[in-house]
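Trainee: I would like to go through this chain piece by piece. Can we start with the core and work outward?

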Amino acid sequence: MRARIQWSAAMVSNSEFWSSHMAAWKSGGLTQAAYCRRHALSLPSFGYWRRILRRQPMMPSSPAVVPILVGEPESVIEAIEVHLPNGLQVQVPVGMAAARWLPTVQALMTC
């Protein structure tokens with residue numbers, strides 16, 4: 001079972017930092033230990049972020065524009081359907097706070 005990861009603003013900033021180091025490490029040909037020594041990075045932190053970034057898609061630093069289909073003005077909308085990139089679909093009741101449903105959607109995105 002995978003651990004559920006909730007992305008805060010600090011984690012997005014950290015993930016951008018570590019993502020750039022992961023890309024540089026992969027293209028550089030050094031071992032993880034050698035790369036960390038050269039860049040004064042903690043090897044355990046490097047390993048931790050490597051696992052996190054491999055499992056969790058990067059959350060965008062700025063909101064993306066996504067088209068939303070809205071029903072007829074006379075209709076009553078009870079739920080919003082979210083189609084995830086991995087093919088899963090989630091129905092969220094209208095009015096539900098994002099803090100309640102966003103962690104679930106983030107966890108489903110790792111499936």
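Mentor: We can, bearing in mind that this is a predicted model. The largest nonpolar core has ten residues: Trp18, Met22, Trp25, Tyr35, Cys36, Leu41, Phe46, Trp49, Ile52 and Leu53.

Trainee: Which helix gives the largest share of this core?

Mentor: The elements that give two or more residues to the core are helix H1 (9-28), helix H2 (32-38) and helix H3 (43-55). Among these, the largest share is four residues, and the helix that supplies it is H3.

Trainee: With which residues is Leu41 in contact, leaving aside its neighbours within four places in sequence?

Mentor: Leu41 is itself a member of the largest nonpolar core. Leaving aside neighbours within four places in sequence, the residues in contact with Leu41 are Phe17, Trp18, His21, Tyr35, Cys36 and Phe46.

Trainee: Is Ala40 buried or exposed?

Mentor: Ala40 is placed in the loop between H2 and H3. The cut-off for an exposed residue is over 50% relative accessible area. Ala40 has 72% relative accessibility, so Ala40 counts as exposed.

Trainee: What is the phi of Ala40?

Mentor: Most residues other than glycine have a negative phi. Ala40 is a residue other than glycine with a positive value, and its phi is near 55°.

Trainee: Moving on to the strands, in which sense do E1 and E2 pair, and over how many bridges?

Mentor: Strand E1 covers residues 79-83 and strand E2 covers residues 89-93. In this pairing His83 stands opposite Gln89. The sense is antiparallel, and the number of bridges is five.

Trainee: Which residue in the hairpin of E1 and E2 takes a positive phi near 95°?

Mentor: The hairpin has five residues between the strands. The one that takes the positive phi near 95° is Gly87.

Trainee: How far apart in space are Asn86 and Thr110, C-alpha to C-alpha?

Mentor: Asn86 is also in the loop between E1 and E2. At 31% relative accessibility, Asn86 counts as partly exposed. Asn86 and Thr110 are 24 residues apart in sequence, and their C-alpha to C-alpha distance is 8.3 Å.

Trainee: Which side chain is joined to that of Glu81 by a polar contact of 3.1 Å?

Mentor: Glu81 lies in strand E1 and counts as partly exposed at 37% relative accessibility. Leaving aside neighbours within four places in sequence, Glu81 is in contact with Gln89, Val90 and Gln91. The side chain joined to that of Glu81 by the polar contact of 3.1 Å is that of Gln91.

Trainee: Within what arc do the buried residues of H4 fall?

Mentor: Helix H4 spans residues 98-108, and its buried residues are Pro103, Val105 and Gln106. They line one face of the helix, because, seen down the axis of H4, they fall within an arc of 165°.

Trainee: Which strand is included in what covers the buried residues of H4?

Mentor: The residues being covered are Pro103, Val105 and Gln106. What covers them includes strand E2.

Trainee: In what order do the elements of the chain run from the N terminus on?

Mentor: The secondary structure comes to four helices and two strands. From the N terminus on, the order is α-α-α-β-β-α.

Terms used:
Residues are numbered from 1 along each chain as its sequence is written. This is a predicted model: local features need pLDDT of at least 70, side-chain atom pairs count only at pLDDT 80 or more; totals for chains, interfaces and linings use all residues. Side-chain values use heavy atoms; hydrogens and water are left out. Two strands pair if DSSP finds at least two bridges between them. A nonpolar core is a set of buried Ala, Val, Leu, Ile, Met, Phe, Trp, Tyr and Cys residues joined through side-chain atoms within 4.5 Å. Buried means under 20% relative accessible area, exposed over 50%, partly exposed in between (1.4 Å probe, protein chains only). Contact means heavy atoms within 4.5 Å. The arc is that of the directions from the helix axis to the C-beta atoms. A polar contact is a pair of N or O atoms within 3.5 Å; within protein, one must be able to donate a hydrogen and the other to accept it, and residues adjacent in sequence count only if both atoms are side-chain atoms.
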